Amino acid sequence: MDKKIDLEKNDKITVLQKYKAKKYFILHDQQSDMHLYNVILDEFDKKIKAQTSEIDDLHTFYKPVAGQNSHLYKKKLGDPKSEIHLYTSSPIYTDAKNSVQIPLDKIDSIIVHQNDTGHEVIKVVGITAGTLVVVTAIIALTKSSCPFVYSNDGTLFTFEGELYPGAIRPSMERNDYFQLKHLKEKENIYRIKISNELKEIQYTNSLNLIEVLHSENSEAMIDQNGKIHTIQNPISPFEIMIENQPSDPKIVENSDNNAIHFNAISDGLEFQTLKLKFNRPQDKNQVKLILRLKNSYWLDYTFGKFYKKFGRSFNEFQKKNRNQPYEKSLKWMKEQGIPLEILIKNNEEWTLIETLNMVGPLAFRDIVVPINLKGNSSKPFEIMLRCGFMFWEVDKVAADFSENLPVIVNNLQPFRAIDQDGNDVLKFLTEKDDQYLVQPNIGDQVYVSFKSNSEEIKEGKVTVFLENRGYYEYIRNFSGNPNKSELMTFRNPGTFAKFSEKMYYEFTSGEQALEELAIFDVAK
């Protein structure tokens with residue numbers, strides 16, 4: 001049941017107390033470590049407010065290290081899955097009543113523990129976008145909003161990314177591709193883990209690995225259609241414009257999580273834009289655009305608020321639209337600015353050349369987009385990225401005008417797949433057919449093994465990509481009547497993007513519905 005508390009600026013604030021598992025907050029500053037309880041995210045004051053105490057002995061046996069993402073630990077010493085570690089480089093002081101107030105912009109990182117067999121894996125969430133990301137990240141973490149895909153590096157399973165993001169109904173099932181950066185073979189076997197840790201039912205149709213052998217002086221990347229490309233001489237843009245305002249191109253020069261968030265003041269424009277200029281070599285008619293990007297936590301949050309407007313009718317809405325044609329779903333998403341659009345300039349006109357599917361908010365992905373420049377006389381080479389307000393984060397952009405080098409590609413089907421109950425589920429994952437691995441419950445897992453061909457490789461480098469296919473459906477139990485009149489407005493192009501922007505400015509000004517404050521009333 002919701003609980004009422006009093007805050008100085010409002011005496012009737014509904015707070016969230018809906019989490020099944022108790023969360024144990026630990027603050028690490030430069031001086032000491034302390035346990036936080038009765039934790040409140042106060043968006044009015046842009047602070048976390050809490051009571052403090054010494055850390056219980058059960059939570060002192062293992063201390064994660066900020067900035068590292070994989071660690072061993074011994075399960076027999078205890079279970080740290082309830083812990084949420086907050087790191088700040090600024091000293092935080094308690095008052096006479098052992099209370100503490102932590103400015104959200106002082107939080108450097110958040111670390112939580114994720115399930116694994118025999119080990120624990122640490123998921124590190126970098127905080128780079130100020131108070132809003134801190135709030136949404138913590139709320140997401142305490143709701144077990146979490147990763148789907150882990151790869152084994154020979155010792156540990158480490159988080160990699162999410163399966164088929166955005167495919168929320170059967171008609172939206174699609175192939176999805178991304179690199180498994182931590183995957184290494186052990187005894188000629190690759191191992192991955194797929195887990196359901198969300199309130200949704202996951203339907204996985206197939207899983208395959210794409211093992212690519214390429215030269216030492218190149219990198220291998222994959223486009224969203226599954227084609228392999230080699231990268232040899234990527235160059236950074238020499239000029240960028242955020243919403244037509246010049247900005248420092250160094251922002252997108254490195255993979256450093258210092259991302260562009262598409263949250264500039266829009267001056268009434270429907271979508272946010274990022275324009276980039278690259279020096280174009282003479283007589284080059286092909287370029288490979290390199291992007292490191294992800295969806296934002298804010299997009300997930302915005303969808304949650306949108307779906308809540310359906311009230312108790314949400315499940316009926318979801319059932320009714322289960323088999324809605326993919327083209328209709330895609331049309332709506334494009335009109336709302338949800339996919340990332342890539343446009344190229346030629347003769348002062350912008351032409352859409354690619355629309356990127358959602359990739360999820362939990363990990364940056366590296367994506368390559370091949371672009372044909374025949375008939376394009378523009379120098380320099382100019383592109384534009386376009387999307388709705390705060391729907392994407394772009395960390396790095398580069399262009400490579402080199403020709404693709406020869407590569408050897410091995411497509412690997414799984415030979416073993418065992419679920420959390422020890423059942424053999426291999427038959428559901430080997431073919432793109434009407435048989436699905438269904439994971440309906442939080443905690444459902446499957447361990448999948450593939451035979452590697454890497455032992456035959458005498459020279460060169462190996463890069464491995466995951467090809468996956470499937471869809472998922474939300475489990476939600478909203479209450480109240482649907483807001484039909486407002487929901488009808490979302491049929492109009494751009495409404496969802498405007499909804500996102502409006503919520504953002506209300507949120508950051510403290511005017512958002514007070515439900516957005518969260519309390520974690522953790523026992524001392």
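**A salt bridge to start with**

So, find E341 and R386: their side chains meet in a salt bridge, 2.8 Å from N to O. By salt bridge I mean a side-chain nitrogen of Lys or Arg within 4 Å of a carboxyl oxygen of Asp or Glu. The two partners come from distant parts of the chain, 45 residues apart, with E341 in strand β21 (residues 340-346) and R386 in strand β24. Helices (H or I, at least four residues) and strands (E, at least two) are DSSP runs here, numbered from the N terminus.

Before I go on, a word on where this comes from. It's a predicted model, where local features need pLDDT of at least 70 and side-chain atom pairs count only at pLDDT 80 or more, while totals for chains, interfaces and linings use all residues. Residues are numbered from 1 along each chain as its sequence is written, and side-chain values use heavy atoms, with hydrogens and water left out.

Back to our pair: is E341 buried or exposed? E341 counts as buried, because its relative accessibility is 10%; the cut-offs are under 20% relative accessible area for buried, over 50% for exposed, and partly exposed in between, with a 1.4 Å probe and protein chains only. R386, at 25%, is partly exposed.

**Other salt bridges**

A search of the whole structure turns up 15 salt bridges. One of them joins R365 and D176, again at 2.8 Å from N to O. Those two are 189 residues apart, R365 in strand β23 (residues 365-372) and D176 in strand β12 (residues 174-179). Both R365 and D176 are buried. They're also part of a network of salt bridges that links R174, D176 and R365.

Another one to look at is E348 with K345, at 3.4 Å from N to O. E348 is exposed, with a relative accessible area of 65%, whereas K345 is buried at 16%.

Now let's look at the strands. Six of them make an open sheet with antiparallel pairing, in the order β18-β17-β19-β24-β21-β22. At the edges sit β18 (245-247) and β22 (349-356), each pairing on one side only. From one strand to the next, the twist averages 25°. For that, axes are lines fitted to C-alpha atoms, for helices over the stretch in contact, and angles run from 0 to 180 degrees between N-to-C directions. Pairing means that DSSP finds at least two bridges between two strands.

Which strands does β19 pair with? On one hand, β17 (residues 239-242) is joined to β19 by four bridges, running antiparallel, and M241 has K275 as its bridge partner there. On the other, β19 and β24 (residues 381-387) pair over seven bridges, also in the antiparallel sense. Along that pairing, K277 is partnered with E382, and F278 with F381. As for cover, β19 (residues 272-278) has five of its seven residues buried.

What does F238 touch, not counting residues up to four places away in sequence? F238 touches P249, K277, F278, N279 and P380, where contact means heavy atoms within 4.5 Å. F238 lies in the loop between β16 (228-231) and β17, and counts as partly exposed at 39% relative accessibility.

**The whole chain**

Zooming out, the protein chain has six helices and 31 strands. Of its 524 residues, 55% are buried. Among contacts with a separation of 6 or more, 77% come from residues 24 or more positions apart.
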